[in-house]
Amino acid sequence: MKCDPRLPTKDRMDQTTCPPRIPRIGEQAPAFEAETTHGVLRLEDFKGSWLVFFSHPADFTPVCTTEFLAFAEIHATLREKGCELLGLSIDSVFSHIAWVRRIEEVFGAKIEFPIVADLSRKVAELYGMLMPGESGTEASRSVFVIDPAQVVRAVIWYPLTTGRNMDEIVRLVDALQTTDAHKVGTPANWRPGDKVIVPAPRTQEAAQERVAAGGPDCVDWFYCKRSL
């Protein structure tokens with residue numbers, strides 16, 4: 001029986017006829033249990049907090065090392081926002097431990113978040129982190145932002161050659177949390193403290209009321225900002 005490509009990977013009848021599908025925004029994040037540098041962890045262990053779950057191509061590689069140094073710098077900031085970090089590559093836990101120790105020895109930076117050892121590639125396949133067209137042996141640079149209810153809220157992809165922008169990851173978490181707290185949108189290049197987007201009216205009557213109310217932050221009925 002052929003699989004239904006609309007279903008999450010774990011629910012498909014025949015994995016051989018349908019490749020793993022990347023979890024989509026708004027879907028429940030795929031559950032897993034895996035060995036990490038902090039022992040065996042499950043996705044459920046992070047329930048109730050935000051989570052930035054990211055993959056990197058390989059330990060002991062230069063671009064990944066710059067990223068781990070950068071992730072270490074934002075780790076405390078994310079935790080202040082109720083957000084945890086979790087890394088993954090298809091290296092062994094021994095490789096992860098050796099690399100983390102080497103980073104501390106050479107750069108003086110402690111990697112205090114766990115890293116999934118995914119030699120079987122089961123978790124990477126569950127999240128669609130493998131890009132065969134780019135590499136048959138390494139995970140891509142993916143980022144999944146998962147909310148406290150363990151729903152995927154954002155996904156970012158980078159090629160193997162390009163390190164990620166940590167400011168954008170922190171900004172993204174801030175934006176999602178602001179959206180949830182205030183039921184608003186955030187404009188391009190938004191930062192905490194900037195004005196937010198007021199949801200557009202959904203009826204003609206409401207649109208007319210918006211136009212009549214006017215104000216310096218309402219350019220048109222569908223485009224209004226406000227301060228929080």
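Two strands are taken to pair where DSSP finds at least two bridges between them. In this predicted model, strands S6 and S7 meet that criterion, pairing in the antiparallel sense over six bridges. Within this pair, phenylalanine 144 stands opposite valine 155 of S7. Five residues lie between the strands in the hairpin of S6 and S7, and glutamine 150 there adopts a positive phi near 65°. S6 also pairs with S3, again in the antiparallel sense, over four bridges. Here isoleucine 146 of S6 is the bridge partner of leucine 51.

The burial of S6 was examined next. Because six of its six residues are buried, S6 is largely enclosed by the rest of the structure. The burial extends to both faces of the strand: one side carries Arg141, Val143 and Val145, and the other carries Ser142, Phe144 and Ile146.

The largest nonpolar core comprises 29 residues, and those with the most contacts inside it are Val52, Phe68, Phe71, Leu78, Phe113 and Val145. Two or more residues of this core come from each of strands S3 (50-55), S4 (83-89), S6 (141-146) and S7 (152-158), and from each of helices H1 (62-80), H2 (93-107) and H4 (166-182). Another core, of 20 residues, lies apart from it and includes Leu88, Val116, Val123 and Phe144. In soluble globular proteins, nonpolar side chains tend to be buried together.

Contacts of valine 52 were listed without residues up to four places away in sequence. On this basis, valine 52 touches Leu78, Cys83, Glu84, Leu85, Leu86, Val143, Phe144, Val145, Ile169 and Val173.

Notes: Residues numbered from 1 in each chain as written. Predicted model: local features only at pLDDT ≥ 70, side-chain atom pairs only at ≥ 80, totals over all residues. Heavy atoms only, no water. Core = buried A, V, L, I, M, F, W, Y, C linked by side-chain atoms within 4.5 Å. Buried < 20%, exposed > 50% of the residue type's maximum accessible area, 1.4 Å probe, protein only. Contact = heavy atoms within 4.5 Å.
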